[in-house]
Amino acid sequence: MSHFENGHLPPEYRTYIRRKGLFLIFLAVLGVLFFILAISKGAVYIPASDVLRILLGQGEESRFQTIVLNIRLPHALAAFLAGAGLAAAGAAMQSILRNPLGSPFTLGISQAGAFGAALAVMILGAGVMQSTQVGAVSILNPYLTTIVAFIFCMLTSMVIVAISRLRGATPEVLVLSGVALGALFNAGTMFLQYFADDIQLAAMVFWTFGDVGRAGWNEIRIMAVVVAVCMVFFIYNRWNYNAIEAGDETARGLGVRVDRVRLLGMLMASLATATIVSFLGIIGFVGLICPHIVRRVIGDDHRFLMPASCLTGGVLLLASDLAARLILAPHVLPVSVLTAFLGAPAFLYLLIKGRRP
């Protein structure tokens, strides 16, 4: 202990910290590169030097300025914020539930949002055909749809928490409750789709395709505030999550109020997920796969796991969105399609390749 009291860290610990710090720096640099690429690439190519000048507010007004500031910058910011928020929520859920399958998608929160949006389209008339062009579907009242989807996401998380309180807040009860609720909301969505007309059905399906291009500056501001607050909360509780990873009894022995930490963590993770899902639609596998990738590289220490998961989620969704816009150009794939195609095989590989996360 004398080494620590005098401010001197053992060489092994310094190496341990340095390796994780270098990984965080690597992710941050990768995030900046993909952020610039996401703005540069598209139907109109914009040189990276012009992108940097516009973002830094330097030089004369460019012909690319409108494209960068009004179209691609909010697009890239939405992708990074959504990836960071979903990955942080997934990392928190996996830790406080002590279950590697914990994520917003597997706990039924995303499915609840889809049901809420379908209900808004079907009952409240929020879906409409934009023109006579095939596939030109839009949401007539996006804020109404967003609010209803958000309400159902939060209601689902509260039901999961309430069930866990009735039977004791065990990880198994929370996960199984989420799986059951997800199946219930999927059934409810299919029920509404069965009775919907063509326009309503198209609007429901359109909403479930997760797409970061839907977010404007108002939505980005809200997402930024919510994601930032949730990340600060998770990082503040990093030592509690480290203790819970060792087991509930061990955590209680260290003075951690396990039930309170678990319930508050679930609510904050659900808040981040509900905000992102209600604005952008369902984007699966980001919250599940990113924490596993980070754990494989730097381990379970939440001082580094949480910020690294956020950066990994942001980079993954930026890269996926970039690929979705380029792979079938000029057509743009919804980013959720690509994350599912990439996430499912990657997750299976991680499960088969190494030890259990």
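Residues are numbered from 1 along each chain as its sequence is written, and side-chain values use heavy atoms, with hydrogens and water left out. Because the model is predicted, local features need pLDDT of at least 70 and side-chain atom pairs count only at pLDDT 80 or more, whereas totals for chains, interfaces and linings use all residues.

**Helix packing**

Two packed helices are described by the angle between their axes and the distance between the axes. Helices (DSSP runs of H or I, at least four residues) are numbered from the N terminus. Axes are lines fitted to C-alpha atoms over the stretch in contact, and angles run from 0 to 180 degrees between N-to-C directions.

| Helix pair | Axis angle | Axis distance |
|---|---|---|
| H4 (residues 65-97) and H9 (residues 217-236) | roughly 30° | within 9 Å |
| H2 (residues 11-40) and H4 | about 140° | 9 Å |
| H2 and H3 (residues 48-56) | about 100° | 9 Å |

The axes of H4 and H9 cross at roughly 30°, which means that H4 is roughly parallel to H9 (angles under 35 degrees count as roughly parallel, over 145 as roughly antiparallel, 65 to 115 as roughly perpendicular and the rest as oblique). Their crossing is left-handed, that is, the near helix is turned anticlockwise from the far one by less than a right angle. In this contact (heavy atoms within 4.5 Å), H4 residues including Leu69, Leu73, Leu77, Leu81 and Gly85 meet H9 residues including Trp217, Ile220, Met223 and Phe234. The contact of H4 with H9 comprises 16 nonpolar, one polar and no charged residues; Ala, Val, Leu, Ile, Met, Phe, Trp, Tyr, Cys and Pro count as nonpolar, Asp, Glu, Lys and Arg as charged, and the others, Gly among them, as polar.

H2 packs on H4 at about 140°, so H2 is oblique to H4. This crossing is right-handed. Phe35, Ala38, Ile39 and Ser40 of H2 meet Val68, Arg72, Leu73, Ala76 and Leu77 of H4, a set with seven nonpolar, one polar and one charged residues.

**Cavity**

The structure holds one cavity of 30 Å³ or more. A cavity is a set of points on a 1 Å grid over the protein atoms alone where a 1.4 Å probe fits but cannot get out, and lining residues have an atom within 4 Å of a point. The largest cavity contains about 30 Å³ of space. Its lining includes Leu86, Ser103, Pro104, Phe105 and Ile283, and helix H13 (residues 286-298) supplies the largest share, three residues. Seven lining residues are nonpolar, three are polar and none is charged.

Technical notes:
Helix = DSSP H or I, 4+ residues; strand = E, 2+ residues; numbered from the N terminus. 1 Å grid on protein atoms, 1.4 Å probe; cavity = no way out; pocket = protein on both sides within 12 Å on 5 of 7 lines; lining within 4 Å. Points joined across faces, edges and corners; volume = space filled by probe spheres on them.
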